[in-house]
Amino acid sequence: MNIADIPYCVDLKTIPKPEIGTILVSGATGYIGGRLVKELLIRGYHLRLLVRSASPDHAKRWPDSEIVVGDALDYESLENAFKGVKVAYYLIHSLLHGRKNLEEIEVKAAANFRNAAEKNGVERIIYLGALGDDGCDLSTHLQSRNNVAVELVNGKVPVTVLRAAIIIGSGSASFEIIGNLVKNTPVVLLPKWSKTYCQPIGIRDIIKYLVGVLELGETAGKWYDIGGKTKHTYEEMIRMFSYLIGKKKIYINTFVSDYKFFGYIASLLTPVPAPIVMSLFEGIKNEVICKNIDIRKVLDFEPLSYSEAIILALNIESQDMIGTRWSDAYPHSHDLDAKLHELEKPKFISTYSRKSKKTTNSLYQTICKIGGKEGWFHNNWMWRLRGAGDKMIMGVGTSRGRRSNSKLRINDVIGFWRVENLEENKCLLLRAEMKLPGKAWLEFNIKNTDGENQLSVTAYFHPKGLAGNIYWYSFVPFHSIIFKDLLKDIEIRS
Ligand SMILES: NC(=O)c1ccc[n+]([C@@H]2O[C@H](COP(=O)([O-])OP(=O)(O)OC[C@H]3O[C@@H](n4cnc5c(N)ncnc54)[C@H](OP(=O)(O)O)[C@@H]3O)[C@@H](O)[C@H]2O)c1
């Protein structure tokens, strides 16, 4: 059996209790929520999943669960979600609201959630927050996570609060930041705060704790710090990662401590966009280790060490078996309001096509590999240049890569695109997430007529103001070169 197929809770000593009744999981589309849902379903629980934007992919991914659309910032939309719920997980989060708004928005979401839970007689809320003590000049992100905990417990529903430091697992932002820093630069500049201690935890252990506390009623109303087996400074974590993958580095201690500067540089070297890296780096000045270890009294299993978690994550990554990734929930789904089919008609449309004798399936399979190991098939340098420009101005760039090189699902990220629609052997619709003066999509279609396939690519653009119009007209001359070559290459590789 493949390591990625082994349930995380296989050695958890608690007993599944599906008789608890309906469990609401918020943040189900996120990195942790997605993995928790899989594990709870394996243990036989009846789940209702709160999502902000419905997608045909949800029913496919979680066929035995109820899907309910709601936004924690909109109280009315939550009322319905909580009907008949016994336990609710709070895994709602966004690092992308910006420092100014984050605390206010997160507290509002938590208050709405608590009130809706209370009104509907929910028996327990389980929240995963972040380590870091109030009064220690916490970063905006860590302070906000603590404020959410305080807001949630400020009601009648008992809350179990779990607090963790950085999470190491395939697809986690921290794992990809450290890993790419180590892989992509021979010289590592160490800021002063690289000597701060942290207690990283493996994604497997996070899920075990989240499931374990559900199955132990006595954890209701309690706060627990959860962490991995080992504590390290950030410098040690980088050194250990380099050692594990056999990369020698030159380390230089610097006196610069500006997290924005380091965050920006790190975002250029890693797939994770600048706003997320900066948010995480701001928190590195704060020591995040477990002070309260009461969790060991109730759930006594040996968590993984940092290096064990890294080895497991590398293993799963090399097998192309990543289940969820940090990019799954970025940007907020509500920013994706205007889907292509919802627009009356984008102002600019440009289509190129060619006939092909290759089978529908082989053309489709090739299209679905786009942006992965095989790049953009042709004119890769142009896509990379566009991506580099985007990253320089704090956009997402093309380096975000993909969750899996061989599989694709709706909402997956591919460089600076996100999959908006996917129909087997028919089409792949990508929505642009780079910085643009308008909204853009790229669609691949395969149509079979009289035994011959027609392969086409269409660019859609809905401009914003004059800048949008200028943008479109300045790129139009390149479309013919890029798209014709792209179609030719898809055919050759199919
Ligand atoms: N990842 C880590 O390294 C880490 C470390 C320590 C603690 N934690 C904690 O773990 C929890 C989950 O983190 P994560 O990494 O899984 O986050 P994530 O991948 O960013 O997912 C966040 C989830 O929140 C949902 N969401 C955001 N705003 C919402 C709103 N207004 N209403 C309803 N849903 C909303 C998102 O839904 P959409 O798909 O609609 O955007 C997404 O499903 C957080 O509480 C975080 O503090 C994470």
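Two residues are in contact if their C-beta atoms, placed from the backbone, lie within 7 Å. The legends below describe close-up views of a predicted model.

View 1. Helix H13 (residues 360-367) lies across E14, strand E17 (427-432), strand E18 (438-449) and strand E19 (452-463). The direction of H13 is at about 160° to that of E18. Helix H15 (residues 465-493) also packs on the sheet, where it touches E14, E18 and E19. Relative to E19, the direction of H15 makes an angle of about 165°.

**View 2. Strand order in the antiparallel sheet.** Strands of a sheet pair through backbone hydrogen bonds, either parallel or antiparallel. Here 6 strands form an open sheet with antiparallel pairing, and their order is E14-E19-E18-E17-E16-E15. Strand E14 (348-356) and strand E15 (413-414) are the edge strands, each of them pairing on one side only. Ile414 stands opposite Trp417 of E16.

View 3. An open sheet of 7 strands has the order E3-E2-E1-E4-E5-E6-E11, with parallel pairing. Strand E3 (66-69) and strand E11 (223-226) stand at the edges and have a single partner strand each, so one side of each has no neighbour in the sheet. From one strand to the next, the twist averages 20°. Strand E2 (residues 47-51) runs parallel to E3 and is joined to E3 by 4 bridges. Leu49 has Ile67 in E3 as its bridge partner.

**View 4. The crossing of helices H1 and H7.** Two packed helices are described by the angle between their axes and the distance between the axes. For helix H1 (residues 31-42) and helix H7 (residues 203-215), the axes come within 10 Å and the crossing angle is roughly 60°. H1 is therefore oblique to H7. The crossing of these two helices, H1 and H7, is right-handed. From H1, the residues Ile32, Arg35, Leu36, Glu39 and Leu40 meet Ile203, Ile206, Ile207, Leu210 and Val211 of H7. This contact of H1 with H7 comprises 8 nonpolar and 2 charged residues, with no polar ones.

**View 5. The crossing of helices H8 and H12.** Helix H8 (residues 234-245) and helix H12 (residues 306-318) have axes that come within 11 Å and cross at roughly 45°. H8 is therefore oblique to H12. The crossing of H8 and H12 is right-handed. Met237, Met240, Phe241 and Leu244 of H8 meet Tyr306, Ser307, Ile310 and Ile311 of H12. By class, 7 nonpolar residues and 1 polar residue make up the contact of H8 with H12, and no charged residues take part.

**View 6. The contact between the two domains.** The protein is divided into domain 1 (3-323) and domain 2 (340-493), whose C-alpha centres lie 32 Å apart. In their contact, domain 1 contributes 12 residues and domain 2 contributes 13 residues. On the side of domain 1 that touches domain 2, at least two residues come from each of helix H2 (56-61), helix H9 (259-269) and helix H10 (274-282). That side of domain 1 has 7 nonpolar, 3 polar and 2 charged residues.

Terms used
Residues are numbered from 1 along each chain as its sequence is written. This is a predicted model: local features need pLDDT of at least 70, side-chain atom pairs count only at pLDDT 80 or more; totals for chains, interfaces and linings use all residues. Domain bounds come from an automatic or database domain assignment. Ala, Val, Leu, Ile, Met, Phe, Trp, Tyr, Cys and Pro count as nonpolar, Asp, Glu, Lys and Arg as charged, and the others, Gly among them, as polar. Axes are lines fitted to C-alpha atoms, for helices over the stretch in contact, and angles run from 0 to 180 degrees between N-to-C directions. Angles under 35 degrees count as roughly parallel, over 145 as roughly antiparallel, 65 to 115 as roughly perpendicular and the rest as oblique. A crossing is left-handed if the near helix is turned anticlockwise from the far one by less than a right angle, and right-handed if clockwise. Two strands pair if DSSP finds at least two bridges between them.
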